[in-house]
Amino acid sequence: MFNSIWMWLSDPANWQGEDGVPQRTVEHLQYFAETMVVAAVIAIPLGLYIGHTGRGKLFIVNVVGAFRAIPTLGLLFVVTLLLAPRLKGDNAFLIPSLIVLIILAVPPILSGTYAGVGEVDPAARDAARGMGMTGWEVLRKVEVPCALPLIFSGLRSAALQVIATATIAATVSLGGLGRLLIDGLAVRDYGKVASGALLVALLALAVDLLFALGQRYAVSPGLSGRFRNTPAADDDSRSTVIDPAVHEAA
């Protein structure tokens, strides 16, 4: 199998044209980007509202759990059958695929957002209100910065799921790296199938790395522990403490 993967990936013909790996990767990233933008626009404001006010949390938790239990491929076929006759051109298959991917991406982003805001230390909120901050200022200046680690966690979870699941778009005649899997199975080219699966996995790892880097620099150093005291700094701080024996001798 490893030889088959290497032979397929090393063939220049598989890296050129509309069916080449670069073009399929661009299509896959396009589906991913469109899905994540829409899902974030829906889930993050809703999660901030729920976490800040505490309203509707039980209802949202149940809805999120229900969405996670929906079989993605089956939902794609249902949505396509319902919407495809009402749409024209590529939108007949693109929009149903994006709807399904958005439904998949919203729950982890929503859960991470309201959990992050809801777990902010109440003492921090009280201190902010004591300084005269309004509810909006408390949310923007205190709760959101403290919630960023969990918000990014939700985004990273959603990103991995979308990258992996966007391959199903090929089942309704769209592009992306899923075409390598579908087309390879159709002609029993298992080297192509395995190569497509490997490329999806590598793309998911690359996207997760980008989100991890974004989280590293977006989250406050006080929360991430990025700038902790170094041993040298600890030694310097200890050197400033007066030895009691020396003090008594003086």
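**Salt bridges**

Modeller: D183 and R179 sit in helix α8 (residues 178-186), 4 residues apart, about one turn of the helix. Helices here are DSSP runs of H or I, at least four residues, numbered from the N terminus. The side chains of D183 and R179 meet in a salt bridge, 2.9 Å from N to O. Such a bridge needs a side-chain nitrogen of Lys or Arg within 4 Å of a carboxyl oxygen of Asp or Glu. D183 is partly exposed at 26% relative accessibility, while R179 is buried at 14%. Buried means under 20% relative accessible area, exposed over 50%, and partly exposed in between (1.4 Å probe, protein chains only).

This is a predicted model: local features need pLDDT of at least 70, side-chain atom pairs count only at pLDDT 80 or more, and totals for chains, interfaces and linings use all residues. Residues are numbered from 1 along each chain as its sequence is written, and side-chain values use heavy atoms, leaving out hydrogens and water.

The whole structure holds 6 salt bridges. E27 is buried at 16%, and R24 is buried at 9%. D19 joins R24 and E27 in a network of salt bridges.

R125 and E143 also form a salt bridge, at 2.4 Å from N to O. This pair links distant parts of the chain, 18 residues apart: R125 is in helix α6 (residues 122-130) and E143 in helix α7. R125 is buried at 12%. E143 is buried at 0%.

Conventions: Helices (H or I, at least four residues) and strands (E, at least two) are DSSP runs, numbered from the N terminus.
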